[in-house]
Amino acid sequence: MKFFVDTAEIDQIRELNDLGMIDGVTTNPSLIMKSGRDIKEVTKEICGIVDGPVSAETVALDAEGMIAEGRELAKIADNIAVKVPLTWAGLKACKTLTDEGRMVNVTLCFSANQALLAAKAGATFISPFIGRLDDINLDGMELIADIRQIYDNYGFETQILAASIRSANHMSEAAKIGADVATAPAAVIKAMANHVLTDKGLEGFLKDWEKTGQKIL
Ligand code: G3P
C-alpha cells in the first residue's frame with residue numbers, strides 16, 4: 001500500500017519523504033488554510049520535495065470552473081493530481097481532465113455508487129472518507145471493502161485512496177482490505193511505530209544493561 005501524507009506542512013512532508021515513508025501528498029482547502037500559505041506557492045514547494053502525486057483541490061462548483069482551475073493547478077508541476085469533489089459537475093470535470101492526460105483525484109466519496117461513477121469517469125484516484133463516515137456512526141472501512149470488491153469485479157484501474165484516516169488502526173485495516181493508497185496526517189503515520197510492549201521491553205532491556213556496567217561506545 002502506498003502512503004500519502006495529508007498535509008501542507010513542509011517540515012512534516014520533508015521529514016517523512018527523507019525517510020522514504022511517503023509516496024505522495026494530499027492537500028485540501030482546509031489544509032491550505034491551516035498552513036497559512038498561498039496555494040500555488042506551497043504546492044510548488046511540495047512538488048519539489050516529493051516525486052509522487054501531489055493532490056491540489058479545485059474550489060469551483062461548476063464543471064467549467066473546475067476544469068479551468070484544474071488546468072491552472074496542473075501548470076504548477078508534472079506531479080499534480082487535480083482534486084475535484086464527487087458531484088455530477090466533478091465527474092464531468094474528471095472526465096475532461098483525465099482525457100487531457102492529467103491525474104485526477106475524486107474526493108469527498110461516501111458511497112460505493114459514487115466510487116463506481118468516478119471509475120467510469122476515468123478517475124486516477126477515488127478518495128472515500130473513512131473517519132467522517134465513522135463520525136456519523138457508519139462504517140467507513142466497510143465502504144473501502146465494498147469499493148475494493150466492485151473495482152476488482154470489473155477490473156477498474158482507479159486507485160482506492162483511503163482518506164480521512166484518523167488512527168494507526170485505520171491504516172492497517174485499509175491495508176488488509178487492499179486499498180491502493182492511504183492518506184493520513186503525519187502524526188498517524190508516526191503513531192504506527194508505537195506499541196506498548198515495545199516501550200515496556202525497551203525499559204526492561206535498559207534496566208538490565210545498566211546492571212552490566214558496560215558501554216558500547
Ligand atoms: O484526505 C481527506 C482528509 O483530509 C479528510 O480528513 O480528518 O478532515 O476528515 P478529515
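A pocket is here an open set of grid points, placed over the protein atoms alone, with protein on both sides within 12 Å along at least five of seven lines, and its lining residues have an atom within 4 Å of a point. In this predicted model, the second largest pocket is lined by Thr-27, Asn-28, Pro-29, Ile-32, Ile-39, Lys-40, Glu-57, Thr-58, Val-59, Glu-69, Glu-72 and Leu-73, and about 160 Å³ of space lies within this pocket. Helices H2, H3 (39-49) and H4 (63-74) each supply at least two residues of this lining, with the largest share, three residues, coming from H4. By class, five of the lining residues are nonpolar, three are polar and four are charged.

The largest pocket, with a volume of about 330 Å³, is the space taken by the ligand. Of the 19 residues that line the largest pocket, Asp-6, Asn-28, Leu-31, Arg-132 and Ser-164 are the closest to its centre, while helix H2 (residues 29-35) provides the largest share of the lining, three residues. The lining of the largest pocket comprises five nonpolar, nine polar and five charged residues.

Around the ligand itself are found Asp-6, Asn-28, Phe-129, Arg-132, Ala-163, Ser-164, Arg-166 and Thr-183, a shell made up of two nonpolar, three polar and three charged residues. An N or O atom in the side chain of Asp-6 is 2.4 Å from an oxygen atom of the ligand, and for the side chain of Arg-132 the corresponding distance to a ligand oxygen atom is 2.6 Å. A polar side-chain atom of Arg-166 lies 2.9 Å from an oxygen atom of the ligand. Of the 310 Å² of accessible area that the ligand has on its own, the protein covers 82%.

Methods: Residues numbered from 1 in each chain as written. Predicted model: local features only at pLDDT ≥ 70, side-chain atom pairs only at ≥ 80, totals over all residues. Heavy atoms only, no water. Near = heavy atom within 4 Å. Polar contact = N/O pair within 3.5 Å; in protein donor to acceptor, adjacent residues only side chain to side chain. Areas by Shrake-Rupley, 256 points an atom, 1.4 Å probe, with all protein chains shown as cover. 1 Å grid on protein atoms, 1.4 Å probe; cavity = no way out; pocket = protein on both sides within 12 Å on 5 of 7 lines; lining within 4 Å. Sits in = over half its atoms within 2 Å of the grid points. Nonpolar A, V, L, I, M, F, W, Y, C, P; charged D, E, K, R; others polar. Points joined across faces, edges and corners; volume = space filled by probe spheres on them. Helix = DSSP H or I, 4+ residues; strand = E, 2+ residues; numbered from the N terminus.
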